[in-house]
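Open the model in your viewer and keep the selection panel at hand. The tour goes stop by stop.

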Amino acid sequence: MSSSVQQQLIGFLVFLFCVCQSNSHEDDLFEFDLTPLGEGLYEPASGNHTSKRLEQSIVPEYDDSNPEEAGNYVEGDIYQPYVAKNAIKFKSKKWKKAVIPYEISDEFSSSEVKKIRSAFQIFSQKTCVRFVPRVRQQDYISIESSRNGCWSTVGRAGGKQILNLQKNACIRRTGTILHELMHVLGFFHEHTRHDRDRYVSVKVQNIKPDSMGNFRKERQERTTTHGILYDLGSVMHYSPTAFSWNGSPTLEPKVKFAGKIGQRNGFSNKDVQSINSLYC
């Protein structure tokens, strides 16, 4: 082989190496900006208040409320207890290669574990995202059942990060589990999208005074909709009376919608499109 051919071959191999290296770090470069959520993201978990509220308000057989709307966390169910320890606050990342290692606490019964794993299965059936049992991975989610409600981190925070599903209340519907797992992937609530005012009216007069911040809008330059239209049927949308002090609507649709707003039965078609657009 001539020296010129060898040089060309070496140059090509170097090029391939650079491309592979670039692709391997792509997820590390993709960051979610959590700045608008504020310092409340790091406040201590409020266990007793949330736990009692869920236990008193939810009758598993008949109640149709969303338990994640009863929390005292940011927007009801967003909490980052470990990110505060990192050097860079208000930042999280995508999961590498769309793979999320997990551990499940032995606090859950076998039937509850089965329900959690059925949610994993829905992801694998409809998207490229895979939840896999943790072996030695540094970054992973720990699914636990403390008596302080339903809550999750947003995106890959680094190291161990908790996804909490209070027994009974947060395990009742698969959609609640899917909702929290979408937070893990990096998704925010649908009603905070920067374009939400075209599709819903926020009834400020009906919102609890201490919950006004739960209706802030994302800044357009900090988020992306992936070209997917606002979705009143998303598993990430809150119910019409979320954070209401008087039972009257806090979110009122401006467009016709035949389905249930705030449903927790499963993914909407647009939920699947959004996940695939971000990860697949």
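How many bridges join strand 3 to strand 4, and do they run parallel or antiparallel? Select residues 99–104, which are strand 3. Four bridges join strand 3 to strand 4, and the two run parallel. Strands here are DSSP runs of E, at least two residues, and helices are runs of H or I, at least four residues, both numbered from the N terminus.

Before moving on, some ground rules. This is a predicted model, where local features need pLDDT of at least 70 and side-chain atom pairs count only at pLDDT 80 or more, while totals for chains, interfaces and linings use all residues. Residues are numbered from 1 along each chain as its sequence is written, and side-chain values use heavy atoms, with hydrogens and water left out.

Now widen the selection to the open sheet: five strands in the order 4-3-5-7-6, with mixed pairing. Two strands pair if DSSP finds at least two bridges between them. Strand 4 and strand 6 are the edges; each has a single partner strand, so one side of each lacks a neighbour in the sheet.

Show helix 4 (110–126). Helix 4 lies across strand 3, strand 4, strand 5 (140–144) and strand 7, at about 175° to strand 3. Next, show helix 5 (174–185). Helix 5 lies across strands 3, 4, 5, 6 and 7, at about 160° to strand 7. Contact means heavy atoms within 4.5 Å. Axes are lines fitted to C-alpha atoms, for helices over the stretch in contact, and angles run from 0 to 180 degrees between N-to-C directions.

**The disulfides**

Select the cysteine sulfurs. A search of the whole structure finds two disulfides, each a pair of cysteine sulfur atoms within 2.5 Å. Counting bonded cysteines along the chain, the pattern is 1-4, 2-3.

Go to Cys128 and Cys280. Their sulfur atoms are 2.1 Å apart. The torsion about the S-S bond is -95°, a left-handed link. Cys128 sits in the loop between helix 4 and strand 4 (130–133), and Cys280 in the segment after helix 6 (269–279); the two are 152 residues apart. Cys128 is partly exposed, at 28% relative accessible area. On this scale, buried means under 20%, exposed over 50%, and partly exposed in between (1.4 Å probe, protein chains only).

Then take Cys150 and Cys170. The sulfur atoms lie 1.9 Å apart. The S-S torsion is about -90°, so this disulfide is left-handed. Cys150 is in strand 6, while Cys170 is in the loop between strand 7 and helix 5, 20 residues apart. Cys150 is buried at 2%, and Cys170 is buried at 0%.

**A buried arginine**

Select Arg156, in the loop between strand 6 (150–151) and strand 7 (160–165). Arg156 is buried, at 8% relative accessible area. What does its side chain meet? A polar contact of 2.8 Å joins the side chains of Arg156 and Asp139. A polar atom of the Arg156 side chain also lies 2.8 Å from the backbone oxygen of Lys94. A polar contact is a pair of N or O atoms within 3.5 Å; within protein, one must be able to donate a hydrogen and the other to accept it, and residues adjacent in sequence count only if both atoms are side-chain atoms.

**Positive phi**

Most residues other than glycine have a negative phi. Select Glu75, in the loop between helix 3 (47–57) and strand 2 (91–93). Glu75 has a positive phi of about 55° and is buried at 0%. Finish at Phe243, in the loop between strand 8 (200–202) and strand 9 (251–253). Phe243 has a positive phi of about 60° and is buried at 6%.
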